[in-house]
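Dear colleague,

I am handing over the structure below, together with some notes on what was found in it. Please look at the sequence and the coordinates first, and then read on.

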Amino acid sequence: MDALITRAQLISRGAKGGAALAVAGMAIGPLVENAAAALPTMDLAYARLLVGAELLASDFYTQAINAANTGRVVTKYLKRAYANEQEHYQSVAGILSGAGVTPAVSTDITFSYPAGSFDTQKSILALANTLETTILGTYLGAVGGIQTTTLLQGIAQIASCEAQHLSYFTSVSGGKAFDLSFPPALTIDQASDAMSAYTS
Amino acid sequence: MRIRTFGGLMAIAVLCALLGAASAGAKSSKEAAGVSGLTIFAGSSMTTVLPAIDPNNTYSFGSTTSLGTQITNGAPADVLMGANTTETALLYSQGKCEKPVNYTRNTLAVLVPKSNPAGIKSIYDLTKPGITIDEAASSVPVGSYTVQVLNQMGINTAIQANVVSQETDDASVVSKVATGQVDAGFAYLSDYVIDPNQVSLITVPAWAQPKIQYAMCVVTASPNQTQAQAWVNQVLDSTSQALFVKDGFLPITAPVPTLTKLSITSGKAGAKVTLTGTNFTGTTSVTFKGVAAKFTVVSGTKITVTVPAKAKTGTITVTNPSGTATSSKSFTVK
């Protein structure tokens, strides 16, 4: 689906016909539909956290791609992961904008990474594993913490995508493509503190 | 309100010297010291940085809200340097000051005593029962930002239950934290950077940070309009901005660029195009339908760019840290 489609366009399509909204996609559709409603304070807090997580992910993939220190296949997956994160951002930012809240944008947060993070393919994959573990845990925590049940499907779909990222980067690093039956969910404070390690 | 009068101290010293010499017809103390003589009303988070920019003004530091009220009531200030954008905007709407200009940004922070007796490691620890917290009243900027952050994180109710005191400015919060009267307090990052020896820092998550912009304005009733405007320009220059950053403030955000004119609308790879628009200073990239091009920022309104080898026909974009401008017309690559 077109990630650049605006929230207003989505809602407009939804108003014109259910089929159009269905075409709009399974991930963004459910979130945007609910964004227009008043949301509980904690749901808005989670949405802000998820926006921050997506900005972190997008920033990481941008820097990883620009470093040009990965092989052709890995670079292809980095670019695909970046595209996924961009669509996720549009989706979770739509929760906030639909509730009348301005979501953070890339220029609002300055991210920083340990020295040498982008020097080699090995270091890039190691950081990708760490970040994707955090982001997956953040989304899984949101599934458990968000009260608006109609938001949960979209959040779970994004969590699934993040798990795919983690699986690929783990296996290409020489680790197991999958292992845990129940990957850990992070509480909002655990997720926030983990992400704060990458802000300056 | 605390008053730090560097010019006044120097004036006294000079005056004493003049009296000692019984020098008739001596210059005024301000003239002798070469001071501008401006009276600057400023938020208390500016206590260190403004005298570093120019020690020869008279500074009155306090809560932005209180200082604004004083100006409304006729206090003789030349410039108001707020810790938000709302107070100067209010005065501007009332005709009490000239058009406000943003001059710096800040970040909210949690400060704890050096000994950190409550063992606070995260802002979420402040929700635990028994923690004592100091904050500024919500009627002043730092207090308003505090409530905004806590609401955005969904923890305002839990934290307010632990608030034992409210202050009129951030400096008072820092003082109570430093002396161990409370377990934690909300202030600005700059309060910590200025003197990191008296308190420890707990960061507020970037995803929950409010946009803390500071704006200043020349007071309309000031008899020193020219000097006051010169001060505004001085605060915005690179030397002063470096001092703000050194004290923990953030540099002012560059405005989003606009792109109004292309010198040519078609050309081959290697051709030179002059772009006209605004806010080009700080440009980070210029692209031809997404293909990055080599460019030179000639001025804030002019960029020269070379059509890149792989350029395709399409729009030209100019990007700076605040946003992107896109040409209304397409550039045709021959």
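To begin with the place where the two chains meet in this predicted model, 13 residues of chain B are in contact with 16 residues of chain A. On the chain B side of this contact, the most is given by helix α6, residues 141-153, which supplies three residues. Sorted by kind, the residues on that side of chain B comprise seven nonpolar and six polar ones, with no charged residue among them.

A word of caution about confidence belongs here. The pLDDT of chain A averages 84, and 82% of its residues score at least 70. Residues 1-27 of chain A, however, have a pLDDT below 50, although this stretch has 31 contacts in the model beyond near neighbours in sequence. Where pLDDT is low, the predicted coordinates should not be read in detail.

Turning to the chains one by one, chain A contains eight helices and zero strands, and its pattern along the sequence is accordingly α-α-α-α-α-α-α-α. Of its 200 residues, 42% count as buried, and among the contacts in chain A with a separation of 6 or more, 77% are between residues 24 or more positions apart. Chain B, by contrast, has eleven helices and 21 strands. Buried residues account for 41% of the 334 residues of chain B, and of its contacts between residues at least 6 apart in sequence, 66% join residues at least 24 apart.

The largest nonpolar core holds 114 residues, and those that touch the most other members are Val79(B), Leu80(B), Val110(B), Leu111(B) and Ala184(B). Helix α4 of chain A, residues 41-67, gives the most to this core, with 14 residues. As background, nonpolar side chains tend to be buried together in soluble globular proteins.

Within chain B, strand β6 (residues 108-113) deserves a careful look. Six of the six residues of β6(B) are buried, so the strand is largely enclosed by the rest of the structure. Leu108(B), Val110(B) and Val112(B) point one way from this strand, whereas Ala109(B), Leu111(B) and Pro113(B) point the other way. β6(B) pairs in the antiparallel sense with strand β9 (residues 184-188) of chain B over four bridges, and there Ala109(B) has Ala187(B) as its bridge partner. β6(B) also pairs in the antiparallel sense with strand β10 (residues 199-203) of chain B, over five bridges, with Val199(B) as the bridge partner of Pro113(B). Ala184(B), setting aside neighbours within four places in sequence, is in contact with residues including Val110(B), Leu111(B), Val112(B) and Val177(B). Val177(B) is itself one of the buried residues of helix α8 (residues 170-178) of chain B, a helix followed by Gly180(B), whose phi is positive, near 75°.

Which residue of chain B has its C-alpha atom 4.5 Å from that of Tyr214(B), although the two are 130 residues apart along the chain? The residue is Asn84(B). Tyr214(B) lies in strand β11, residues 212-218, of chain B, and counts as buried because 28 C-beta neighbours are found inside 10 Å, where 20 or more are needed. Not counting residues up to four places away in sequence, Tyr214(B) touches Asn84(B) and others, among them Gly82(B), Tyr103(B) and Arg105(B).

Elsewhere in chain B there is an open sheet of four strands in the order β16-β15-β19-β20, with antiparallel pairing. β16 (291-292) and β20 (323-326) of chain B stand at the edges, each with a single partner strand, so one side of each is left without a neighbour in the sheet. Strand β19 (residues 316-320) of chain B pairs with β20(B) over four bridges, and Thr317(B) stands opposite Thr326(B) of β20(B).

Finally, in helix α8 (residues 188-196) of chain A, the residues Ile188(A), Ala191(A), Ser192(A) and Met195(A) are buried. Seen down the axis of α8(A), its buried residues fall within an arc of 100°, so they line one face of the helix. Among the elements that cover them are α4 and α6 (121-145) of chain A.

With kind regards

Notes:
Residues numbered from 1 in each chain as written. Chains lettered and ligands numbered in written order. Predicted model: local features only at pLDDT ≥ 70, side-chain atom pairs only at ≥ 80, totals over all residues. Contact = placed C-beta atoms within 7 Å. Helix = DSSP H or I, 4+ residues; strand = E, 2+ residues; numbered from the N terminus. Nonpolar A, V, L, I, M, F, W, Y, C, P; charged D, E, K, R; others polar. pLDDT = per-residue confidence, 0-100. Core = buried A, V, L, I, M, F, W, Y, C linked by C-beta atoms within 7 Å. Buried ≥ 20, exposed ≤ 12 C-beta atoms within 10 Å, placed from the backbone. Pairing = 2+ DSSP bridges. Arc of directions from axis to C-beta.
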